[in-house]
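I opened my notebook to go through this one bit by bit. Here is the structure I had on screen, followed by what I looked up.

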Amino acid sequence: MKKINVILADKNKLFAEIVRAILEEDGNFRIVAIAESGREVIDLLGNIRTDIIILDYGMPGLSGLRLVEILASWHPEIKTLLMSNKSDKETIDKIVQSGVTGFMLKRNAHGQQLLKAVYELHEKGSYYGSSYQKLIVENYLPPITGRDTKNMELTKRETEILRLIFDGFTSMQIAEMLQISSGTVNTHRKRLLEKLNCGNTAQLIRAGLEKGIIKIDV
C-alpha cells in the first residue's frame, strides 16, 4: 500500500507528537510536516504534497476552521480532519456551516479511533465523530412523532449493532468486528428499523438516543 502523506497542524506540540506516534506506528502513514499555525500550513503547501491535513480548531491567527474553508477552495484534493476540545452547540454550528468533511473531538483521538477516522477520511472522503453525530441529530433533525415501540425491546445483538452504526461503522466493518456475515448485519439493521418504526439510519440514531439505547459523553 502506498503511504498516505499527512501534515499535522496544532498549537499543542505534545498532542501533535502523540498523533504522529499513533500514525507512524500503524505503518501506512508518512508525516511530512508538523505546523503550529494555519499560516505555516499554507506556506508548507507551496513545497510539500500531502493527502491529509489533521488540524486544530483553535490555532492562533488563522484558525483551523478558516483554514479548512481556504483549503476547500485552493486545494480541494486535500482531505482535512478538524479536531477540537469543544463540543458545545455554538462550535458545532460553526463547523456545520463551514461544510467541513472531517471532525472529531480531541479526547477521542487515541489508538484505533484515530486510525479509523483517518482511514475513513482517506477512503470515503469524510469522517464525523459520534459526538458530532449526536449533536447533529439533536439539533438539526426534527423529532420523530407517532412512533409506537411498545413491546419492542431490542436484543443484546441489536443493541450492539445500533451502537456501532452510531459510531459510523459500515455493515462490512460491523460484520468483521462481530465475526458474522454482512448479510446478518443487514438483517439486524432491517429489524431495528422495523422495531423502532424508522425509515432511515438518521431516524434510527435519533430513536436510539431518545430511548436511551445510545449514550455518549459529549
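Before anything else I wrote down my exposure scale: buried is under 20% relative accessible area, exposed is over 50%, and partly exposed is in between, using a 1.4 Å probe and protein chains only. I also noted that this is a predicted model, where local features need pLDDT of at least 70, side-chain atom pairs count only at pLDDT 80 or more, and totals for chains, interfaces and linings use all residues. Residues are numbered from 1 along each chain as its sequence is written, and side-chain values use heavy atoms, with hydrogens and water left out.

I found Asn197 in the loop between helix 9 and helix 10 (201-210). For helices I count DSSP runs of H or I with at least four residues, and for strands runs of E with at least two, numbered from the N terminus. Asn197 is not a glycine, yet its phi is positive, about 55 degrees.

Gln179 does something like that too: it is no glycine, and its phi is positive at about 60 degrees. Gln179 sits in the loop between helix 8 and helix 9. With a relative accessible area of 74%, Gln179 is exposed.

**Entry: the whole chain**

I counted ten helices and six strands in the protein chain. The chain has 218 residues, and 48% of them count as buried.

Next I looked at contacts, meaning heavy atoms within 4.5 Å. Among contacts between residues at least 6 apart in sequence, 66% join residues at least 24 apart.

**Entry: the cores**

A reminder to myself: in soluble globular proteins, nonpolar side chains tend to be buried together. I call a set a nonpolar core if it is made of buried Ala, Val, Leu, Ile, Met, Phe, Trp, Tyr and Cys residues joined through side-chain atoms within 4.5 Å.

Which members of the largest core touch the most others? Out of its 25 residues, they are Val41, Leu45, Ile53, Leu55, Leu67, Leu82 and Ile95. Elements giving two or more residues to this core include strand 1, strand 2 (29-35), helix 2 (38-44) and helix 3 (64-74). Helix 3 gives the most, with five residues. Another core lies apart from this one; it has 22 residues, among them Leu23, Ile52, Ile54 and Leu114.

**Entry: strand 1**

I picked two residues here. Ile7 lies in strand 1 and is buried, with a relative accessible area of 0%. Leaving out residues up to four places away in sequence, Ile7 touches Val32, Ala33, Leu45, Ile48, Thr50, Ile52, Ile53 and Ile54.

Asn5 is also in strand 1 (residues 4-9). Is Asn5 buried or exposed? Its relative accessibility is 9%, so Asn5 counts as buried. Beyond its neighbours within four places in sequence, Asn5 is in contact with residues including Arg30, Val32, Arg49 and Asp51.

**Entry: helix 8**

In helix 8 (residues 171-178), I marked Ser171, Ile174, Ala175 and Leu178 as buried. Looking down the axis of helix 8, I saw its buried residues fall within an arc of 100 degrees, so they line one face of the helix. That arc is taken over the directions from the helix axis to the C-beta atoms. These buried residues pack against helix 7 (156-166) and helix 9 (182-195).

**Entry: rings**

My rule: rings of Phe, Tyr and Trp (its six-membered ring) pair if their centres lie within 6.5 Å, with planes under 30 degrees apart counted as stacked, over 60 as edge-to-face and the rest as tilted. That gave me one aromatic pair. The rings of Phe29 and Tyr119 have centres 5.1 Å apart and planes at 55 degrees, so I logged the pair as tilted. Phe29 is in strand 2 and Tyr119 in helix 5 (residues 111-124), so the pair ties together parts 90 residues apart in sequence. Both Phe29 and Tyr119 are buried.

Lastly, I checked for a charge over a ring, which needs NZ of Lys or CZ of Arg within 6 Å of the ring centre and within 35 degrees of the ring normal. Lys106 lies over the face of Phe15, 4.6 Å from the ring centre.
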